[in-house]
Amino acid sequence: MKKRFYLTYPKELIKEPLIYQVGKLYNVITNIRQATVSDNIGLVAIELDGESGDIEKALNYFAEKGVKVEPIELDVVE
Amino acid sequence: MSYVKGLKCRECGKEYPKEPLHVCEYCFGPLEVNYDYEKIKRAVSRDIISKRQPNMWRYRELLPIDGEPAVGFDVGYTPLIRAKNLAKALGVKELYLKNDAVNYPTLSFKDRVVAVAISKALEFDFKVVACASTGNLANSVAANAAACGMESYVFIPYDLEQTKILGTLVYGTNLVAIKGNYDEVNRLCSEIAGKYGWAFVNINIRPYYAEGSKAFGYEIAEQMGWKLPKHIVVPMAGGSLITKIWKAFKEFHKLGLIDNLGTKVYGAQATGCAPITTAVKEGAELIKPVKPNTIAKSLAIGNPADGFYAARVMRESGGWGEDVSDEEIIESIRLLAETEGIFTETAGGVTLGVTRKLIEQGRIPRDESIVVSITGNGLKTQEALAGRLTVSMTIDAKLSDFDELLKKQNKVYDAKD
């Protein structure tokens with residue numbers, strides 16, 4: 001299954017190769033569609049392709065590291 | 001007749017057919033409705049619009065529905081009030097209030113976007129309409145769905161205040177309370193929208209839904225006598241409204257319905273949730289998400305979907321972004337009520353509070369026209385004033401007690417005889 005997310009990296013994680021890590025650790029295909037990095041924040045629009053459980057593990061990994069994971073629509077609770 | 005060509009990605013410009021899509025398959029950018037302005041130009045004029053019924057469908061060529069609206073026939077065309085008392089209090093010459101606190105049927109600007117979204121959803125043949133909301137949007141979806149006999153689902157965080165739940169439940173919607181923190185609730189709603197073939201108004205119908213906000217801007221231009229104010233202050237949650245008001249002004253200019261496009265657009269947020277105004281003040285391109293902590297719950301969106309575009313509008317128009325504390329929000333709610341007899345919700349307190357601040361800072365000059373956008377009704381957020389206003393004059397049921405009270409207050413009124 002394919003799922004789309006926005007990842008927001010805080011300043012201290014911008015240099016970490018986390019996307020490479022989730023691909024390696026959880027066997028998900030990572031497909032970056034858009035990315036912007038400034039001096040204090042990094043934003044990545046990404047598609048994760050894999051088993052549902054593996055995608056969940058990858059998302060947990062990002063969250064544990066301190067990356068904010070959101071649906072591609074960002075905040076939908078208005 | 002349709003005036004919509006299709007959808008277009010706001011980032012990469014890729015075009016899509018007129019379908020319930022909201023994200024670009026290539027760059028994941030948001031999609032926006034793409035109109036045939038040449039065709040619209042031939043269909044509208046000041047005269048044609050002026051003769052139509054006083055509701056937002058008088059601008060129907062510029063709204064993304066193809067047939068007749070299915071719901072919200074009386075939505076919009078809310079009052080634009082010349083606020084002379086408030087102007088005096090703020091020391092400015094020409095001040096207006098665009099008052100969507102009396103919008104139909106659920107007393108907020110959300111009735112505009114929902115009327116468009118549900119009408120479009122029915123054109124797409126959806127059977128169920130849904131939203132994720134903590135307040136105004138929930139009220140409006142539930143009410144408008146009921147009015148057109150459509151089944152609806154409203155998702156809310158499980159710890160939402162009882163008063164807000166009642167204002168939605170009363171319409172007979174399927175209300176689902178979700179346990180979890182904001183991010184978990186948010187992600188689940190997105191997943192539900194992706195899994196079920198429903199019209200999720202602010203997700204898969206969002207490009208159409210958001211266009212409804214433009215009517216707020218068209219009405220201001222028409223009500224000012226087919227011209228624009230020099231300054232407009234707009235509250236920001238997800239940031240969509242401010243971008244659509246600016247779009248409305250630009251469209252009217254493009255169509256020749258107004259002569260000049262000289263409005264400066266200012267965005268207002270609560271200091272406890274100010275990701276967009278912070279970006280504007282810091283000159284940052286990117287919006288840094290925040291964890292909201294403010295009484296202005298209807299503006300408490302920590303990672304606004306349209307934040308980037310909202311900031312761009314402020315920069316492009318020459319406006320600015322500012323935010324105010326909870327204390328300033330309360331003060332401004334009271335000031336508006338005491339000077340103009342309008343009770344606004346906390347978002348209105350934010351907008352007026354920011355207007356005051358911008359005037360004091362000299363960013364908005366005192367001798368030019370200013371419009372303050374009031375987007376919701378104070379009766380919905382009365383808890384924000386709890387403990388702030390108390391009955392200070394209690395007496396026994398005796399005329400002599402009342403006489404004594406007036407005397408204590410040094411107030412003298414002539415008796416009738």
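**Strand β10 of chain B and its surroundings in the predicted model**

Five bridges, written 5 in the assignment, join β10(B) to strand β11 (residues 264–270) of chain B, and the two strands run parallel. The model described here is a predicted one.

Helix α6 (residues 162–169) of chain B has B:K164, B:G167 and B:T168 as its buried residues. These residues lie on the same side of α6(B), because they cover an arc of only 95° around the axis. An α-helix has 3.6 residues a turn, so residues three or four places apart point the same way. The exposed residues B:Q162 and B:L166 are carried by the face of α6(B) that is turned away from its buried side, whereas the cover over the buried residues of α6(B) includes α5 (136–147), β7 (151–157) and β8 (174–178) of chain B.

Helix α13 (residues 326–340) of chain B contains B:E331, a residue that counts as partly exposed because it has 17 C-beta neighbours inside 10 Å. B:E331 is 179 residues apart in sequence from B:S152, and the C-alpha atoms of these two residues are 37 Å apart in space.

At the level of domains, the assignment for chain B gives domain 1 (1–43), domain 2 (80–106 + 210–385) and domain 3 (125–204). The centres of domain 1 of chain B and domain 2 of chain B, taken over C-alpha atoms, are separated by 27 Å.

Between the chains, 19 residues of chain A are in contact with 28 residues of chain B. On the side of chain A that touches chain B, at least two residues are supplied by each of β1 (2–10), β2 (29–37), β3 (41–49) and β4 (68–71) of chain A, and the residues of this side divide into 8 nonpolar, 4 polar and 7 charged.

Terms used
Residues are numbered from 1 along each chain as its sequence is written. Chains are lettered from A and ligands numbered from 1 in the order in which they are written. This is a predicted model: local features need pLDDT of at least 70, side-chain atom pairs count only at pLDDT 80 or more; totals for chains, interfaces and linings use all residues. Two residues are in contact if their C-beta atoms, placed from the backbone, lie within 7 Å. Helices (H or I, at least four residues) and strands (E, at least two) are DSSP runs, numbered from the N terminus. Ala, Val, Leu, Ile, Met, Phe, Trp, Tyr, Cys and Pro count as nonpolar, Asp, Glu, Lys and Arg as charged, and the others, Gly among them, as polar. Domain bounds come from an automatic or database domain assignment. A residue is buried if 20 or more other C-beta atoms lie within 10 Å of its own, exposed if 12 or fewer, and partly exposed in between; C-beta atoms are placed from the backbone. The arc is that of the directions from the helix axis to the C-beta atoms. Two strands pair if DSSP finds at least two bridges between them.
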